[in-house]
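Me: Hi! I have a model open and would like to talk it through with you. Could you take a look?

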Amino acid sequence: MDPVAEAIADAHRGEWAAVLAATVRVTRDLDLAEECAQDAYLRALVVWRRDGIPRRPGAWLTTVARNRATDLLRRETVLRRALPLLVLDDAGGAEPEPGGIGDDRLRLIFTCCHPALSRAAQVALTLRLLCGLSTAEVARAFLVPEPTMAARITRAKKKIAVARIPYRVPSAAELPERVGAVLEVVHLVYTTGHAAPVGERLVRTELTGGAIGLARMVHALLPGAAEVAGLLALLLLSEARRDTRVTPEGRLVLLAEQDRSRWDAALIAEGSALVVRALTNRPPTRYAVQAAITAVHAEAPDWASTDWPEICGLYDVLLALWPNPVVALNRAVALGMRDGPEAGLAALEPLLAEPALATYGYLSAARAELLHRVGRWEEALWSYQEALTLIGNAVERDFLERKLIEVRAARDDPNPPGRRAGS
Amino acid sequence: MAKYLVLIYGDEQVWDTHSPQELAAKHAAHGAFAQAAGSAIVGGAQLQAAATATSLRSVENGRAVPTDGPFPETKEVLGGFYLLEAPDLDAAVALAGRLPEIREAGGGVEIRPVVEQ
């Protein structure tokens, strides 16, 4: 790529949200602001080639986009627009200082993640407006047809304008709850990218990268919010393991078998430092505890020497903080490591009747693994098969298929070698 | 400023079986809401029972055909409404969030922006 194209790609990744958010202030219309921001990036392609890359590309793009908006607003054509103007909290007031609580990017993200919008709409708008993904990319990420995603985004923008969802940073009293909604959206974007529910690829980097960028941005703008630090830490620590989760042939590698020397040490260091900060908040937040669990794994030289008592203790804290059957499942797996597979199976037992987990393939897979370890072959086979019927991701399905072969071989082995290492 | 229609829904069986104390508490809650909302309330009314509703959904020989009952046949019925004026949705939610029906089993309110003429 030539340096100008590279600079534009960089500015798109790093500055899109800032350029758009500042332009919305001028247009008070999301569609028009998007159009102007896109125009600015197109002009950069021409002007930067001719005059060189500006010292502050983001500022250049913002100025060009806003000038374009002012220009268009003077023209009659825009007057025919269908939607009412966005409600600005300080229309006509002073320009907000970039960075910190007044930053327009915060207004944009709180608008996109407003609780009056459905979660699906929040996610779609966030990816489109803050991460700068095209509608086609957002549609692909969530495996819906592009016209469906386009309609979803249009509907959400229309609701923002017509119902007058304000372009505003919530008051201090509302802030914790509203930040919670933002973090749920960011986390959902990451987890969707981290283990795609269906499809050929396990990891979708356009989503994981977008989520980490968002978490960094919110953390930079709200540095005092421990919950944000906790989520950023969680994402960084998970991201550190990204390259070791799948083999070059596309096979899933479980945490136990990952090559830890290839984990990203810089991300682990950054994430671990944030965990320490996030945990100083009392009571700790859900994301901080999840990050702490990931950090304990990150610090262990190998699976066997993981500090399982510490992990179990953290899961107890997490379960109290955020009662959730999936957390209970992970806690049971950790107990299976601390106290042996029988203990893990006992902890899983009550979860089998949990309606929320009735079609959760990871429960079947976790149970199969524990049954495998205690040598209950037939039940292990049955559970792996059950997991296969419930899990749609090709990489994960391939992993389960190989496990089935392993268990069958163990069952049919006339001279069992004894218990598997690690049980 | 924008106008929002706040539609109050609930279970009529719950409403019909209110004790006098519950009724008094509910009236007091609406009074407190009116006090807090003040001039933001443009209009509003409590509606008679859904069983008294008449719906018109077809025409025969050029005349509307009346049928007995509310338009949507649901367990939760429209029991009343307010027309509010508010600067934005957050303000409308903050006001309407004080209504007592939201705290009733099966009850709640729907906030609909009104088309500005």
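Me: Which residues does I109(A) touch, not counting those up to four places away in sequence?
Reply: I109(A) touches L130(A), V182(A), L214(A), M217(A) and V218(A), leaving out residues up to four places away in sequence; contact means heavy atoms within 4.5 Å. This is a predicted model, where local features need pLDDT of at least 70, side-chain atom pairs count only at pLDDT 80 or more, and totals for chains, interfaces and linings use all residues. Residues are numbered from 1 along each chain as written, chains are lettered from A and ligands numbered from 1 in written order, and side-chain values use heavy atoms, without hydrogens and water.

Me: And which residues have the most contacts inside the largest nonpolar core?
Reply: Those are W48(A), L108(A), I109(A) and F110(A), in a core of 135 residues. Such a core is a set of buried Ala, Val, Leu, Ile, Met, Phe, Trp, Tyr and Cys residues joined through side-chain atoms within 4.5 Å, with buried meaning under 20% relative accessible area (1.4 Å probe, protein chains only).

Me: Which helix of chain A gives the most to this core?
Reply: Helix α1 (residues 3–27) does, with ten residues. The core lies between domain 1 (3–80) and domain 2 (359–423) of chain A, because both give residues to it.

Me: Which residues does the second core include?
Reply: That separate core of ten residues has F33(B), A37(B), L95(B) and A96(B) among its members.

Me: Switching to chain B, how much of it is buried?
Reply: Of its 117 residues, 30% count as buried.

Me: What does its C-alpha trace span?
Reply: About 50 × 40 × 20 Å along the principal axes of chain B.

Note on methods
Buried < 20%, exposed > 50% of the residue type's maximum accessible area, 1.4 Å probe, protein only. Helix = DSSP H or I, 4+ residues; strand = E, 2+ residues; numbered from the N terminus. Domains from an automatic or database assignment.
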